[in-house]
Amino acid sequence: MTADTDGRPVVRIGSPTELRNPSSEDLDLMSTREVLGVINEADQAVPLAVSAVLDEVAAAVDLAVAAIRGGHRVHYFGAGTSGRLGVLDVAELAPTFNTPPDWFRAHLAGGPEATHHAVEDAEDDEAAGASEAAASVRAGDLVVGLAASGRTPYVLGALRTARANGASCALVAADPGAAAAAEVDVFIGVDTGPEVITGSTRMKAATAQKLVLNAFSTAVMVRLGRVYSNLMIDLVATNAKLRGRMISILMAATDRSEEDCRRALAEAGGDLKIALVTLVSGADVAGAKAALGRSAGHVRGALTHLA
């Protein structure tokens, strides 16, 4: 670490995301269409990079499911683009899967203000990450660090404190060789390589993190019974579109008529899971509700109880 002329610390990062991409040299001399073509071609490599770390993502999913089933939480800690993607993932879980508010929590370096504005030096504050983890993470929780470089001090401070306090820890980074890999239970190092614009980790590195988080949180919801077949069954109908989607889901899951599905949903008080179990099993509402309770909310488990 060195310092600039104002005495502020300067760190030169050796992450692959900081290397120059030969395919995008002279980007500023290209036509608009050529610029878009270079970006698109680079983006196509991201899903393949994510596919190479699915075993590690699966291990993180299993840790998250165990934590939530044990009454604990999943925490995301990140800074900048990585942290904002964690905030976005958590924000989308409740309207999609009706998740309880204590299942997932996002922590962003610099606090809520950093969602829309850069907060100077927030990501370099290792003590802030450690302090926030100490205040909010408990033994049995899972902490997922989000850091494109794999070395963000705020994130590493949170991970170190969380692990010392008995939490499981995972790290998602765009540097497969990140030194912090040795400090976590699960390391997800996605090899996205140099960015089209050198150092702009809001591009391929961020796309990879979005894909990992989408897959991670969705798989957790599947394992926790928030999905039946490939259908969302824990949604809350807060608008006309979602009320219509409930009917469509019931019809797809049961092959029953729209009238039957509307009636079952009304009798179930608008609870899609209860309506689904009554339609498939023939049980009444009370029986369906009891079976869901015995199966921890899993529709297939409830149907097995009623068979």
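**Briefing: sheet, cores and salt bridges**

Leaving aside neighbours within four places in sequence, Phe104 is in contact with Ile68, Val74, Tyr76, Val90, Leu93, Phe216, Val220 and Met221. The model described here is predicted. Phe104 is one of the five residues, with Val74, Val144, Phe216 and Val220, that touch the most other members of the largest nonpolar core, which has 35 residues. In soluble globular proteins, nonpolar side chains tend to be buried together.

**Nonpolar cores**
- At least two residues of the 35-residue core come from each of helix 2 (46-51), helix 3 (54-69), strand 3, helix 4 (80-97), strand 5, strand 6, strand 7 and helix 7 (204-223).
- Another core, of 25 residues, lies apart from it and includes Ala275, Val277, Leu279 and Leu292.

**Sheet and packed helices**
- An open sheet is formed by five strands with parallel pairing, in the order 4-3-5-6-7.
- Strand 4 (104-108) and strand 7 (186-189) are the edge strands, each pairing on one side only.
- From one strand to the next, the twist averages 15°.
- Strand 6 (residues 168-173) and strand 7 run parallel and are joined by four bridges; Ala173 stands opposite Gly189 in strand 7.
- Helix 5 (residues 126-136) lies across strand 3 (74-78) and strand 4, and runs at about 170° to strand 3.
- Helix 6 (residues 153-164) lies across strand 3, strand 4, strand 5 (142-146) and strand 6, with an angle of about 160° to strand 6.

**Thr99**
- The loop between helix 4 and strand 4 contains Thr99, which counts as buried because its relative accessibility is 11%, under the 20% cut-off.
- The Thr99 side chain reaches the backbone nitrogen of Ala94 at 3.4 Å.
- Leaving aside neighbours within four places in sequence, Thr99 is in contact with Leu93, Ala94, Met221 and Arg226.

**Salt bridges**
- The structure holds 10 salt bridges.
- One of them joins Lys210 to Glu92, with the closest N and O atoms 4.0 Å apart; this pair links distant parts of the chain, Lys210 being in helix 7 and Glu92 in helix 4, 118 residues apart.
- Lys210 is partly exposed at 23% relative accessibility, and Glu92 is partly exposed at 35%.
- Arg256, Glu259, Asp260 and Arg263 are linked in a salt-bridge network.
- Within this network, Asp260 meets Arg256 at 3.3 Å, N to O, and Arg263 at 3.1 Å between the closest N and O atoms.
- Arg263 and Asp260 are separated by about one helical turn, because they are three residues apart in helix 9 (residues 258-267).

Note on methods. Residues are numbered from 1 along each chain as its sequence is written. This is a predicted model: local features need pLDDT of at least 70, side-chain atom pairs count only at pLDDT 80 or more; totals for chains, interfaces and linings use all residues. Side-chain values use heavy atoms; hydrogens and water are left out. Two strands pair if DSSP finds at least two bridges between them. Axes are lines fitted to C-alpha atoms, for helices over the stretch in contact, and angles run from 0 to 180 degrees between N-to-C directions. Contact means heavy atoms within 4.5 Å. A nonpolar core is a set of buried Ala, Val, Leu, Ile, Met, Phe, Trp, Tyr and Cys residues joined through side-chain atoms within 4.5 Å. Buried means under 20% relative accessible area, exposed over 50%, partly exposed in between (1.4 Å probe, protein chains only). A polar contact is a pair of N or O atoms within 3.5 Å; within protein, one must be able to donate a hydrogen and the other to accept it, and residues adjacent in sequence count only if both atoms are side-chain atoms. A salt bridge is a side-chain nitrogen of Lys or Arg within 4 Å of a carboxyl oxygen of Asp or Glu.
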